[in-house]
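Have a look at the structure first, then read on.

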Amino acid sequence: MPLKTRIMKFINSQITVVVLTTVCTVFFANAQEIIKDTVKTKAPVKKLSRQKADGVIATVGDYIILESDIDKTFLELSSQGNSVKDITRCQMLGKLLEDKLYAHQAVQDSIVVRDEEIKEKMNDQINYMVDQLGSMDKVVQYFKKNNEDEFRTELFDIIKMNKLGAEMQKKIIESVQITPEETRTFFKSIPTNELPVFGAEMEVAQIVVIPKISEEEKQRVIRRLKEIKAEVLAGASFKTRAVIYSDDRGSAANGGFYKINRKTQFVKEFKDVAFSLSEGEISEPFETEYGYHIIMVEKILGQEVELRHILMMPKVSDQALKEAKEKITLIKKRIENGEISFAEAARTMSDEKETRANGGTLINPKTQDTHFELTKMDPSLYSEVSNLKNGAVTPPILDDDPRTGKKYKIITVTNRIDEHVADYAKDYTKIKDLALKEKQIKAIGKWSDEKIKETYIKINGEYRDCVFTNNWLKK
């Protein structure tokens, strides 16, 4: 199978917000890419006529698929500007069957999806739709529902099924790993004319100066967090106060909610406090690099903790900002005068501990290496470095980071890499990722084959004439 097809099949299987019988993907999900070889082409596929009645055309475990579900999927894809002329109803049904199988098996494996989490996500999506269309009545009308209750019920079920499916897929591949030897074998198996082409890239480094926070401001924040804790202990809602007061923009809308385990990518100080608390207990204010927090643990589920937190970031004074700008301007001047290299200045004078040990070199959060592909680079970073000449340093940039607050930074480009055909030595990280994806594809395929045999699956009427890649008909 060609490399592109193999990788695209993986991408297709990994999409967690599926566009199947969904009323929300018009605004919230990228278009589901249906791979043309989902249905085998060795045998002709009978062209299916539209049934007049909206009957059940398939059953997977506890889930059913209606004739209208296929129509809805075509409608959603079309509404997002995607061509559906080459997609057959058989192909669409095959994708629907896959998603129902994931969700069904998630229930069998006792994968828990909290209704509260689903409701929060549903409300976020509805609020966005209302903003786009103008009113709840217009949303209901747009999606051709009889009333708001019907719309909410269907949307809740869709989000819950998608979440179950996503968690099931995650469980299937979480233990899949790749060795260097497997990576080498994978690369050698790719025909020369099918080797992937990687786009132009650059490596970037930065130096950061964080304004100093006064001790008085720190104590003000600590006192306020203690007041909030006292209010909650007296009966107030922690969730409501998180919505109102938390500076964590990623969780404030959800009442400060997080579900974490020991491996979750949170700073050590946060996890240490979270795992030291009992259910219902609220921490004292504590400091991390992001500011000051209090945590309330809601549930302890084995190795996982469900919690809510409030983050308050001390305010930076105008004087502190001025001093930070003066400091980073002096650092830039010393670099340009040749007194010190950018890398050495980063190691000795940058306040960003994640990058200073590497001479200020940034890590790409998407790939976990130091290369940033220009076409996929964050727009704000691209605008700052795209026109930099080799060795040049940007003027001081005031960065209002929603996670860490205001800071000044200077940036330089340390390396430029032209578009090129994959090279094993230079592109090992990317090739390893592709090899891992292929191994995950195989794991998902093996899992699907086994679960199809074990699960009650029935396909009705003329859809039994479809020729699927998976053995849904159990022939």
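The second largest pocket holds about 970 Å³ of space. A pocket here is an open set of points on a 1 Å grid over the protein atoms alone, where a 1.4 Å probe fits and protein lies on both sides within 12 Å along at least five of seven lines; its volume is the space filled by probe spheres set on the points, which are joined across faces, edges and corners. Lining residues (an atom within 4 Å of a point) number 28, and K163, E167, K170, K259 and E304 sit closest to the centre. Two or more lining residues come from each of α5 (115-133), α7 (148-173) and β5 (257-260).

This is a predicted model, so to speak: local features need pLDDT of at least 70, side-chain atom pairs count only at pLDDT 80 or more, and totals for chains, interfaces and linings use all residues. Numbering starts from 1 along each chain as its sequence is written, and side-chain values use heavy atoms, leaving out hydrogens and water.

By class, the lining has 9 nonpolar, 5 polar and 14 charged residues (Asp, Glu, Lys and Arg are charged; Ala, Val, Leu, Ile, Met, Phe, Trp, Tyr, Cys and Pro nonpolar; the others, Gly among them, polar). Domain 1 (56-177 + 443-465) and domain 3 (215-312) each supply at least three lining residues, with bounds from an automatic or database domain assignment.

Now the sheets. Helices (H or I, at least four residues) and strands (E, at least two) are DSSP runs numbered from the N terminus, and two strands pair if DSSP finds at least two bridges between them.

| β5-β8-β7-β6, 4 strands | antiparallel | β5 and β6 (286-288) |

Angles run from 0 to 180 degrees between N-to-C directions of lines fitted to C-alpha atoms, for helices over the stretch in contact. β5 and β8 (304-312) share 4 bridges, and K259 stands opposite E306. Helix α9 (215-233) lies across β7 (291-301) and β8, at about 30 degrees to β7; contact means heavy atoms within 4.5 Å.

In the sheet with β10, 5 bridges join that strand to β11 (405-417), and D399 has K407 as its bridge partner.
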